[in-house]
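I am opening a new entry.

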Amino acid sequence: MKAASFDYIRATSLDHALSALAESEDAIILAGGQTLVPMMAMRLARPATLIDLNEISELAGITNRDGYLSIGTMTRQAAALASTEVNAQTPLLAKALSFVGHTQTRNRGTVGGSIAHGDPSAEIPLAAIALNAEIGLASRTGTRTVTARDFYTGPLSSVRRTDECLTEIRFPIWSGTVGVGFQEISPRHGDFAIVAVAAQLEFGADKVCRRASIAVGGASANPVHAAEVEAALVGKRIDPRLANEVSRAVDPILSPTDDLHATAAYRRRVARVLTERAILEAAA
Amino acid sequence: MSMIKLTVNGVARSASAEPRMSLLDFLRENLGLNATHMGCEHGVCGACSVILDGAPVRSCLLFAVQADGHAITTAEGLRKDDGTPGVIMDSFMEAHGLQCGYCTPGMMIAAHALLEQTTSPSDDEIHEAIGGNLCRCTGYAQIVEAIRLAGRRMKDAS
Ligand SMILES: Cc1cc2nc3c(=O)[nH]c(=O)nc-3n(C[C@@H](O)[C@H](O)[C@H](O)COP(=O)(O)OP(=O)(O)OC[C@H]3O[C@@H](n4cnc5c(N)ncnc54)[C@H](O)[C@@H]3O)c2cc1C
Ligand code: FES
Ligand code: FES
């Protein structure tokens, strides 16, 4: 269980990292290492070169700008979870983070690393897809922004080119009265989800739902955004009956598979129930 | 091979290592500090926990080269200056917080990080702090009791 040999580059700035990425054959970015290093230990990954982003302070930090909370890619999951700004402005992300691993993995694991990796069951990509966060990418030839809903192309794969580095994730800030729900089934707390559902709702003074964002993780190749459920909630007052009824609309958008942890049928069933619960949690 | 200079338990240390060497192997083999235990070597058990710049992390998921210039605390650092058990170690013995002892260094590091924040943690806070550390012997209840006891002793001493 030891990693194979590699060349190590301790990047000192984003420019340094981007040049190294463009110039080295088979180079991989090392962020928190909480996924990549286990993969290297198991020899599932054997990069020739590792470009370590951990000493680049410009890539970490949380700023409130232009209606978005911008989270630097190297922001530790622990720092984001402890941030009063994240809690106040993007409560869905705050809630999702509390399900990600353990204190020790959150102290190293980064927000951007989880987004870049794109595990179908991971909570941070789920929150990003629910809120349609914007993902900032940079390469030596320029920068671009991709929305979370357009970012993934399958499990552990995305539109990111190999010469690109994530720089920040911008989560939209909702105004008004906002409620959030995050429901997850996992073998133990801190494990990856079998299925998880994230819901963020905005209410008017009359308690009528004015805006809804809902996504389901762990039941498809990537988390999926439940547009039909959202549409069925807007303009209504939420009660248990409505939540039960509208949650059925998640079924057609799921494409679960059987694996070691659960059958596809179980995932479907749980996805519906968790959607109902997440809506009620957000409305409570 | 690169020369790695870091501070371990308050002492400046240096040794050379290949980039692929984990901090865990580096501590045990190159620095001769074998209190930090090697369990799974892929991030799931917590036996290898150390404190990096004030925060508990898994030393099997950090390459030693990454720790260059940083400060580490290992379970050796939880002893008193005269080498006798510190309050956390002593509380683990007192409360039967260990059986085989394999998970114990990692548990004590997790406990240390928690008790730096508060000496009277709630049970939920203790569960959260050791949530990433597996114990195959004790059933955890005595570990939770040991951490509570250590917190009380620290509070009484201050
Ligand atoms: C015991 C344990 C429990 C865990 N539980 C959970 C859990 O419940 N939920 C969960 O979601 N995760 C969980 N994880 C994984 C989580 O901790 C990782 O932090 C996360 O998946 C990856 O983030 P990282 O910063 O560690 O990235 P790394 O492991 O360093 O990198 C992951 C991948 O992303 C790429 N990458 C990273 N940053 C960038 C960037 N800026 N630009 C381009 N590519 C980049 C890397 O090249 C690599 O391919 C767990 C891990 C462990 C060890
Ligand atoms: S040896 Fe590091 S977590 Fe198991
Ligand atoms: S005491 Fe044996 S594993 Fe914890």
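How many bridges join β6(A) to strand β7 of chain A, and do they run parallel or antiparallel? I looked it up in this predicted model. I found six bridges between β6(A) and β7(A), residues 142-147, and the two run antiparallel.

**Entry 1: around β6(A).** I checked the connection next. β6(A) and β7(A) form a hairpin, with two residues between them. I picked out one pair: A:Gly136 has A:Thr145 as its bridge partner in β7(A). I then turned to another neighbour of β6(A). Five bridges join β6(A) to strand β10, residues 165-172 of chain A, again in an antiparallel arrangement. There I noted A:Glu134, whose bridge partner in β10(A) is A:Arg170. I also looked at cover. β6(A) spans residues 134-139, and five of its six residues are buried.

**Entry 2: the whole chain.** I counted 12 helices and 14 strands in chain A. I compared its radius of gyration, 19 Å, with the value near 19 Å for a compact globule of 284 residues, so the two agree. Its C-alpha atoms fill a box of roughly 60 × 45 × 30 Å along the principal axes. I see 56% of the 284 residues counted as buried. Among contacts with a separation of 6 or more, 62% link residues 24 or more positions apart.

**Entry 3: the surface.** Chain A exposes about 11,900 Å², and carbon and sulfur atoms supply 50% of it. I located a nonpolar patch of about 310 Å² made by A:Met1, A:Met42 and A:Leu44. A:Met42 sits in the loop between α2 (36-41) and β3 (49-52). Its relative accessibility is 37%, so I list A:Met42 as partly exposed.

Methods:
Residues are numbered from 1 along each chain as its sequence is written. Chains are lettered from A and ligands numbered from 1 in the order in which they are written. This is a predicted model: local features need pLDDT of at least 70, side-chain atom pairs count only at pLDDT 80 or more; totals for chains, interfaces and linings use all residues. Side-chain values use heavy atoms; hydrogens and water are left out. Patches are made of residues with over 30% relative accessible area and no salt bridge: like charges are joined within 9 Å, nonpolar side chains (Val, Leu, Ile, Met, Phe, Trp, Tyr) within 5 Å. Accessible areas come from the Shrake-Rupley method with a 1.4 Å probe; for residues, only the protein chains shown count as cover. A salt bridge is a side-chain nitrogen of Lys or Arg within 4 Å of a carboxyl oxygen of Asp or Glu. Helices (H or I, at least four residues) and strands (E, at least two) are DSSP runs, numbered from the N terminus. Buried means under 20% relative accessible area, exposed over 50%, partly exposed in between (1.4 Å probe, protein chains only). Two strands pair if DSSP finds at least two bridges between them. The radius of gyration is taken over C-alpha atoms; the globule rule is 2.2 Å times the number of residues to the power 0.38. Contact means heavy atoms within 4.5 Å.
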